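I want to go through it piece by piece and write down what I find.

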Amino acid sequence: MRGDGHHGGTYRRQAREHAEEHPWEQGIIRAAGCVLWRRAPEGGIEIALVHRPEYDDWSHAKGKLDPGESALTAALREVAEETGMDCEPGPALPTVRYTVRGRAKEVRYWAAEVPPCERFVPNPEVDRLLWLRPEAARPHLTHEHDRVLVDALLTTLDLV
């Protein structure tokens with residue numbers, strides 16, 4: 001016991017439990033998204049890439065978790081906010097980790113099929129969306145950590 005009547009181990013355990021229950025308060029930026037795909041009319045699949053004018057990059061739909069929000073709920077919310085489209089979430093894809101302005105960022109992803117009736121709605125966050133074959137999508141993506149998700153999607157959908 002410390003001189004002030006508190007147990008140091010108890011405080012550390014409580015702090016660790018709090019951090020596990022409230023990850024948005026920690027140093028890691030927690031985000032989630034979907035690698036959107038649809039069945040191509042001529043067979044195979046197409047993958048949706050979103051253009052974010054603020055960063056002038058091509059990426060997958062994703063965004064930060066809100067406090068108390070699950071990663072999958074955040075991923076589906078971000079798809080709706082960034083594209084105006086609904087999707088059907090499928091298997092989890094690899095979690096991507098990288099650094100943004102000196103802070104660690106962790107993005108959980110899911111494969112998600114977009115029904116044929118869905119249409120993109122431009123907005124200030126995402127002004128363009130492209131549907132591309134996987135071989136064309138891979139080099140069009142700005143960041144390498146997004147490119148590996150194309151291969152993960154193909155493996156997950158058993159299209160390799």
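My entries follow, from the whole chain down to single residues.

**Ground rules.** I am working with a predicted model, where local features need pLDDT of at least 70, side-chain atom pairs count only at pLDDT 80 or more, and totals for chains, interfaces and linings use all residues. I number residues from 1 along each chain as its sequence is written, and side-chain values use heavy atoms, with hydrogens and water left out.

**The whole chain.** I looked up the elements and found four helices and seven strands in the protein chain. Along the sequence I read the pattern α-β-β-β-β-α-β-β-β-α-α. Of the 160 residues, 39% are buried; that word stands for under 20% relative accessible area, with exposed for over 50% and partly exposed in between, using a 1.4 Å probe and protein chains only. I also checked contacts, meaning heavy atoms within 4.5 Å. Among those between residues at least 6 apart in sequence, 67% join residues at least 24 apart.

**Helix α2.** This helix covers residues 71-83, so I expected 18 Å for its 13 residues at 1.5 Å a residue, and its first-to-last C-alpha reach is close to that, at 18 Å. The expected span is 1.5 Å times one less than the number of residues. Which residues of α2 are buried? I noted A71, A74, A75, R77, E78, V79, E82 and T83. In an α-helix there are 3.6 residues a turn, so residues three or four places apart point the same way. The buried residues of α2 pack against β1 (29-39), β2 (45-52), β4 (61-64), β6 (103-113) and β7 (128-132). Just after the helix, G84 has a positive phi of about 75°.

**A74, up close.** I picked this residue out of helix α2. A74 counts as buried because its relative accessibility is 0%. With neighbours within four places in sequence set aside, A74 touches A32, L65 and E69.

**Nonpolar cores.** I count as a core a set of buried Ala, Val, Leu, Ile, Met, Phe, Trp, Tyr and Cys residues joined through side-chain atoms within 4.5 Å. The largest has 21 residues, and V35, I47, L49, L93, Y109 and L153 have the most contacts inside it. β1, β2, β5, β6 and α4 each give two or more residues to this core. Which element gives the most? That is α4, with five residues. Apart from this core lies another, of 19 residues, with V50, C87, A112 and V114 among them. I then followed V35: beyond four places in sequence, its contacts include I47, H60, L93, Y109 and L153.

**Helix α4.** Here I have 13 residues reaching 19 Å between the first and last C-alpha, close to the expected 18 Å. D146, L149, V150, A152, L153 and L154 are its buried residues. In the segment after α4, I found D158 with a positive phi near 60°, in a residue other than glycine. At 66% relative accessibility, D158 counts as exposed.

**The G27 loop.** G27 sits in the loop between α1 (8-21) and β1. Is this glycine, G27, buried or exposed? It counts as exposed, at 52% relative accessibility. G27 and A104 are 77 residues apart in sequence, yet their C-alpha atoms are 7.2 Å apart. Leaving aside neighbours within four places, G27 is in contact with R103 and A104.

**R101.** I found R101 in the loop between β5 and β6. Its phi is positive, about 50°, although it is not a glycine. R101 counts as exposed, at 73% relative accessibility.
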